[in-house]
Amino acid sequence: MSDVTWISGGKRSSGRSGYAVKAVVPHISESSTMASVDATFAGAREASAHYCVDETSIHQYVSESDTAWAVGDWLGNRETISIEHVGTTASPPNRKTLDRSAELMVDIARRYGWDRYTLGQNVMLHKWYSATSCPATLDYEYLIDKANELLSGTVGWSGPGEEIAGVNRIETAE
């Protein structure tokens with residue numbers, strides 16, 4: 001995606017030790033702003049993610065060819081791409097944020113040759129790797145469904161002149 005902003009300083013391990021990317025892991029950042037997520041990953045905390053998404057922005061902290069320190073499990077980190085979402089358990093990521101993330105997931109899927117997202121196959125949850133409630137109240141089912149709609153091209157008409165995930169909508173009169 002051309003509108004991803006690179007933010008340096010993400011904690012990482014170089015490469016993936018020969019392991020292939022098999023899944024994405026959606027996270028809830030427990031932060032209410034992108035700036036606070038940026039500061040967390042630039043600070044002393046021994047954690048990172050490949051991406052963070054809010055309503056209007058996508059920040060990238062770690063190259064997909066490198067291992068982010070995100071799920072608390074070394075093998076899990078090597079085989080996944082982690083996507084943080086601005087939001088908290090009490091105020092979860094909204095639909096605009098999830099829709100933006102679904103667009104990123106479509107981009108990732110196309111690069112890795114995935115034609116569909118399936119929970120437990122190419123979408124994993126942080127809490128499956130370590131003792132955490134993450135993704136907490138993040139609506140990962142909506143996120144997966146939205147990404148699959150975009151991947152399959154079954155998204156309904158969004159209005160004149162709008163574009164969804166690179167698919168131009170054409171208006172026709174009846």
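**Exercise 1.** In this predicted model, glutamate 84 is found in strand S7, residues 80-85. Decide whether glutamate 84 is buried or exposed.

*Solution.* Step 1: take the relative accessibility of glutamate 84, which is 12%. Step 2: compare this with the cut-off, since buried means under 20% relative accessible area. Step 3: glutamate 84 therefore counts as buried.

**Exercise 2.** Find which residues glutamate 84 touches, not counting residues up to four places away in sequence.

*Solution.* Step 1: list the residues with heavy atoms within 4.5 Å. They are His27, Ile28, Ser29, Phe41, Ala49, Tyr51, Cys52 and Val53. Step 2: look at valine 53, which is 31 residues from glutamate 84 along the chain, with 6.3 Å between the two C-alpha atoms. Step 3: look at serine 29, whose backbone nitrogen is 3.3 Å from a polar atom of the glutamate 84 side chain.

**Exercise 3.** Describe how helix H3 (residues 95-112) and helix H4 (residues 140-152) cross, and state which residues make the contact.

*Solution.* Step 1: the two axes come within 8 Å and cross at roughly 55°. Step 2: because of this angle, H3 is oblique to H4. Step 3: the handedness of the crossing of H3 and H4 is right-handed. Step 4: H3 contributes Arg95, Leu98, Asp99, Ser101, Ala102, Glu103, Met105, Val106, Ala109 and Arg110 to the contact, and H4 contributes Tyr142, Leu143, Lys146, Ala147, Leu150 and Leu151. Step 5: sorted by type, the residues of this contact are 10 nonpolar, one polar and five charged.

Definitions and conventions. Residues are numbered from 1 along each chain as its sequence is written. This is a predicted model: local features need pLDDT of at least 70, side-chain atom pairs count only at pLDDT 80 or more; totals for chains, interfaces and linings use all residues. Side-chain values use heavy atoms; hydrogens and water are left out. Axes are lines fitted to C-alpha atoms, for helices over the stretch in contact, and angles run from 0 to 180 degrees between N-to-C directions. Helices (H or I, at least four residues) and strands (E, at least two) are DSSP runs, numbered from the N terminus. Angles under 35 degrees count as roughly parallel, over 145 as roughly antiparallel, 65 to 115 as roughly perpendicular and the rest as oblique. A crossing is left-handed if the near helix is turned anticlockwise from the far one by less than a right angle, and right-handed if clockwise. Ala, Val, Leu, Ile, Met, Phe, Trp, Tyr, Cys and Pro count as nonpolar, Asp, Glu, Lys and Arg as charged, and the others, Gly among them, as polar. Buried means under 20% relative accessible area, exposed over 50%, partly exposed in between (1.4 Å probe, protein chains only). A polar contact is a pair of N or O atoms within 3.5 Å; within protein, one must be able to donate a hydrogen and the other to accept it, and residues adjacent in sequence count only if both atoms are side-chain atoms.
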